[in-house]
Amino acid sequence: MIDPFLLLATESHAEGEALIGFHFDFLESNILNLAILIGVLVFYGRKVVGNILSERRNQIAEAIQEAEGKQREAAQALAKEKENLAQAQKEAERIRQAATERAKTLKAEIEEQSKRDIARLKETAAADLSSEQERVMAQLKKQIAEQAIAQAENQLKAQVDNNTQQRLIDRSITRLGG
């Protein structure tokens, strides 16, 4: 088969006309052919373009539905995370309150222990002071007694001569029964 365009081109070239040109005569320009071509394009093209537009519309609708689904999922995830955040904040508050209570309890225990330690130290200090006083008093009494005995011996030696001493010894022996 010979291409009709090629056939027309060879005929017009054979007649001496230009291969491609503009014809300003409407009757010679094949308006009828153009109308048929446009009719065929509209008739068959409407189905093709309609199918393409329908497919595109379906793709867009699916994309919108998918986006809405993702939006719902994101909203659900956001709500869940907000709930988790609220729970975490409650837990943090509970832990803070527990720590505050524990700190108060520890403070009271430490204060009580400190009071007991201070009282025990005071008692120990008082006992140490008392025993030290008793020791010093005993030492002073011993020193006073030693000094008194030494002074008495000195006075006796100074006042008692050999005769008086012999008389005292004899008197003591008689008292004892001898």
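**View 1. Glu91 and Arg94 lie in helix α2, 3 residues apart, which is about one turn of the helix.** The model is a predicted one, in which local features need pLDDT of at least 70 and side-chain atom pairs count only at pLDDT 80 or more, while totals for chains, interfaces and linings use all residues. Residues are numbered from 1 along each chain as its sequence is written, and side-chain values use heavy atoms, with hydrogens and water left out. Helices (H or I, at least four residues) and strands (E, at least two) are DSSP runs numbered from the N terminus. The side chains of Glu91 and Arg94 meet in a salt bridge at 2.4 Å, N to O; the term denotes a side-chain nitrogen of Lys or Arg within 4 Å of a carboxyl oxygen of Asp or Glu. Glu91 counts as partly exposed because its relative accessibility is 36%, and Arg94 is also classed as partly exposed, at 46%. In these classes, buried means under 20% relative accessible area, exposed over 50%, and partly exposed in between (1.4 Å probe, protein chains only).

**View 2. A salt bridge joins the side chains of Glu93 and Arg96.** The N to O distance is 2.6 Å. Glu93 and Arg96 are separated by about one helical turn because they stand 3 residues apart in helix α2. With a relative accessibility of 32%, Glu93 is partly exposed. Arg96, with a relative accessible area of 47%, is partly exposed as well.

**View 3. Glu132 and Arg135 form a salt bridge through their side chains.** Here the N to O distance is 2.3 Å. Both residues belong to helix α2, and their spacing of 3 residues corresponds to about one turn of the helix. Glu132 is partly exposed, given its relative accessibility of 35%; for Arg135 the relative accessible area is 45%, so this residue is partly exposed too. The structure holds 5 salt bridges, among them the one between Glu132 and Arg135.

**View 4. Phe43 and Tyr44 are seen within a nonpolar surface patch.** The patch consists of Leu32, Ile36, Val40, Phe43 and Tyr44, which together have about 530 Å² of accessible area. Patches are made of residues with over 30% relative accessible area and no salt bridge, like charges being joined within 9 Å and nonpolar side chains (Val, Leu, Ile, Met, Phe, Trp, Tyr) within 5 Å. Accessible areas come from the Shrake-Rupley method with a 1.4 Å probe, and for residues only the protein chains shown count as cover. The structure holds 1 aromatic pair. Phe43 and Tyr44 form this pair, which is edge-to-face, with 4.9 Å from centre to centre and 80° between the planes. Rings of Phe, Tyr and Trp (its six-membered ring) pair if their centres lie within 6.5 Å; planes under 30 degrees apart count as stacked, over 60 as edge-to-face and the rest as tilted. Tyr44, which lies in helix α2 (residues 31-159), counts as exposed because its relative accessibility is 51%. Phe43 is partly exposed, at 45%.

**View 5. Helix α3 covers residues 162-176.** Its 15 residues reach 21 Å from the first C-alpha to the last, close to the 21 Å expected at 1.5 Å a residue; the expected span is 1.5 Å times one less than the number of residues.

**View 6. The whole protein comprises 3 helices and 0 strands.** From the N terminus on, the elements run α-α-α. Of the 178 residues, 2% count as buried. The accessible surface comes to about 16700 Å², with 60% of that area belonging to carbon and sulfur atoms. The mean pLDDT (the predictor's confidence in each residue, from 0 to 100) is 83, and 83% of the residues reach 70 or more. Confidence is lowest in helix α1 (residues 4-14), at a mean of 53, and highest in α2, at 90.
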